Amino acid sequence: MATVIKSKHATVSRAPYMLYMGFVDMRNFVQFLPEEKRGEVTADYDSIKAVVQGFNIGVRIVERVPYSRIEFKDDGAPFSFTITMHFDAAGGDPDKTDFHIELSAELNMMMKMMLGSKLQEGLDKIVDALAAVSEGKIPEGVDPELLRKAQESGKFN
């Protein structure tokens with residue numbers, strides 16, 4: 001039976017279509033990696049693959065609902081999972097997005113005990129970081145140079 005983990009919701013100060021467009025192309029993720037890690041990652045429009053701590057991990061987009069939802073699925077990972085990102089209009093303000101993430105993973109009891117809280121924490125940190133960046137703040141642990149490059153590329157303006 002799949003374990004379902006839902007992130008917190010956060011309001012992101014970008015219209016749903018702007019936020020959606022940043023995630024719709026998997027090649028966009030590579031620019032946020034440190035230069036020394038980029039050689040370990042391959043990406044095209046629909047998928048991204050990397051070696052992480054000796055494991056081959058891939059993620060592929062399986063469904064796009066324009067400006068509303070993107071569903072990702074594992075594409076060669078130690079366990080089966082799907083991730084769904086939701087980009088909902090926030091309280092009638094067309095320039096803000098209610099953003100949240102859902103993860104569904106086939107985890108055995110041991111993996112669930114080891115990873116469950118870490119996965120929840122990770123999803124919440126992603127949501128918080130995206131909300132912070134949209135407000136011009138630098139999230140804890142994020143290199144300000146990466147944010148500057150992203151803004152210059154126009155991905156999150």
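How many aromatic pairs does a search of the whole structure find? Eight, and this is a predicted model, so keep that in mind as you work through the exercises.

**Exercise 1. Work out how the rings of Tyr 17 and Tyr 67 are arranged, and what the pair ties together.**

Step 1: A pair of aromatic rings is described by the distance of the centres and the angle of the planes.
Step 2: Here the centres of Tyr 17 and Tyr 67 sit 6.3 Å apart, with the planes at 90 degrees. Planes over 60 degrees apart count as edge-to-face, so that's what this pair is.
Step 3: Now place the residues. Tyr 17 belongs to helix 1, while Tyr 67 is in the loop between strand 5 (55-65) and strand 6 (69-74), so the pair links parts 50 residues apart in sequence.
Step 4: Both tyrosines also belong to one aromatic cluster, along with Tyr 20, Phe 23, Phe 29, Phe 87 and Phe 99.

**Exercise 2. Classify the pair Phe 79 and Phe 81, then say how accessible each residue is.**

Step 1: Their ring centres are 5.7 Å apart and the planes make 55 degrees, so call the pair tilted.
Step 2: Buried means under 20% relative accessible area. Phe 81, at 9%, is therefore buried, whereas Phe 79, at 21%, comes out partly exposed.

**Exercise 3. Describe the surroundings of Ser 13.**

Step 1: Find Ser 13 in the loop between strand 2 (10-12) and helix 1 (16-23).
Step 2: Its relative accessible area is 15%, so Ser 13 is buried.
Step 3: Leaving out residues up to four places away in sequence, Ser 13 touches Asp 95, Lys 96, Ser 134 and Glu 135.
Step 4: With Lys 96, the side chains make a polar contact at 3.5 Å.

Key:
Residues are numbered from 1 along each chain as its sequence is written. This is a predicted model: local features need pLDDT of at least 70, side-chain atom pairs count only at pLDDT 80 or more; totals for chains, interfaces and linings use all residues. Side-chain values use heavy atoms; hydrogens and water are left out. Helices (H or I, at least four residues) and strands (E, at least two) are DSSP runs, numbered from the N terminus. Buried means under 20% relative accessible area, exposed over 50%, partly exposed in between (1.4 Å probe, protein chains only). A polar contact is a pair of N or O atoms within 3.5 Å; within protein, one must be able to donate a hydrogen and the other to accept it, and residues adjacent in sequence count only if both atoms are side-chain atoms. Contact means heavy atoms within 4.5 Å. Rings of Phe, Tyr and Trp (its six-membered ring) pair if their centres lie within 6.5 Å; planes under 30 degrees apart count as stacked, over 60 as edge-to-face and the rest as tilted.
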